[in-house]
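Please open the model in a viewer and follow the selections below in order.

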Amino acid sequence: MKIAHVRAVISPEVGTLLAGYGPQDVSIAKHDELMLHGFCLLDNGKKYLVLSYDLLGMARQLVLNIRETCAKLIGGSQQDVLLSCTHTHGGPHTRHHAKTQFLDEAACQLVLERTVAAVAALQDEDFEDTVPYFYSAQVAVNTNRRYCGPENVCRMICDAYELTPLGDGVVDQEVGMLFFASPQKQLQEVVVNYAAHPLASHAAGISALSITADYPGLLRSYLGESLGCNITFISGSAGDQFPIHPEAGFTALDAMARPLATAVMQGWISAKRQKEKFCMPNAACRSMIKTFPAIPRTDITPREPAKPGMQKYDMEVQLLAIGDICLVGVPGETAAALGLEIKWHSPYRRTYICYNSTDYASYINPANSFIAGGYEVESQIFDKTTGLQMVVTAVEAMRQLCNS
């Protein structure tokens, strides 16, 4: 197996509308660059791309345009190009805004052009022999923003942060790691997977109106400085997962980035010292896309209504297996419980969820959440069975891929 790295700046100009909390927020500063980070694997003559964007999400057409164009560049199909969005609220409107259906076409075009240029620039000599390792740790820097209590009626902790100690929702605190190293164990690429909204810095004042990658950007900086290689951060199933200190300004970034960086640094030491457990010298890559039908809600008009007249919508889950590890791309803001269901039923040793990957289909929740209510449920576009269908589709696809 060989690896090459993909990087590009995708920041818009200051003055661009931000996709965080509404269509009217105009950026007045840039705290740090928005980035595309990713890598291309060459396995048995076939190439596979993994690309992670500092964006809130991407409209389906943008996803399709990137996948189709990049697939041609690498000589493969769309299933060989896996995308994900970190979900920073400090980026442009690259998905339709819920109520206005606003889409920043210029930002979408910039993202597409920068992606294509970065992938097209890859040359045969950029690919180096690599050996993948994996590792996993638990880091308690996220929390569930829902408090439902014994009566199962949701209160949103983010409406009253003094309720944070009462939070009783499911939390996924796994830090998933993939390390790609040279045969001499020199790191070339690190993939970090964690589930928490990049909303540490989004607070009142200039931090709410700044272009920023939030904590994934600082995490990449810490790790890149220490490890000297490309760092790709991929958000996990973070639909209801918040940073431990959310909406607290730029000083809150360190409380997220530093513990995660420490876990990754120690994870690499552990992985290479126990090579027999965590090294995958004979890893092979496989990819797949599976669709499932989703039906728009009719019980209420959600905060983020589906397009008028829509009767049915085909959603996608996308898989990329790298040896014993499977990356699963989901089509929206999935709740942590659904991500954990996919992990629990996976036939792979470790499974990492790729957030806002195949589409931006708003929130996807477990069916029981519809009884409790809350922001995520009020925002869900599709029927309450959608989450279960997504899990079943993903698990069946993983079993098929694993046995192929």
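Select helix α1 (residues 60–74) and helix α2 (residues 105–120): their crossing is right-handed, the near helix being turned clockwise from the far one by less than a right angle. The model is predicted, with local features requiring pLDDT of at least 70 and side-chain atom pairs pLDDT 80 or more, while totals for chains, interfaces and linings use all residues. Residues are numbered from 1 along each chain as its sequence is written, and side-chain values use heavy atoms, without hydrogens and water.

The axes of α1 and α2 (lines fitted to C-alpha atoms over the stretch in contact) come within 10 Å and cross at roughly 15°. The two helices are therefore roughly parallel, the term for angles under 35 degrees. Next, display the contact (heavy atoms within 4.5 Å): Leu 62, Asn 65, Ile 66, Thr 69, Cys 70, Leu 73 and Ile 74 of α1 meet residues of α2 including Cys 108, Val 111 and Leu 112. This contact has eleven nonpolar, three polar and no charged residues.

Move to helix α3 (residues 215–227) and helix α4 (residues 253–273), whose axes come within 8 Å and cross at roughly 40°. That makes α3 oblique to α4. Among the contact residues are Tyr 215 and Leu 218 of α3, and Leu 253 and Asp 254 of α4. By class, the contact has 13 nonpolar, one polar and two charged residues.

Conventions: Axes fitted to C-alpha atoms, helices over the stretch in contact; angles between N-to-C directions. Helix = DSSP H or I, 4+ residues; strand = E, 2+ residues; numbered from the N terminus. Parallel < 35°, antiparallel > 145°, perpendicular 65-115°, else oblique. Nonpolar A, V, L, I, M, F, W, Y, C, P; charged D, E, K, R; others polar.
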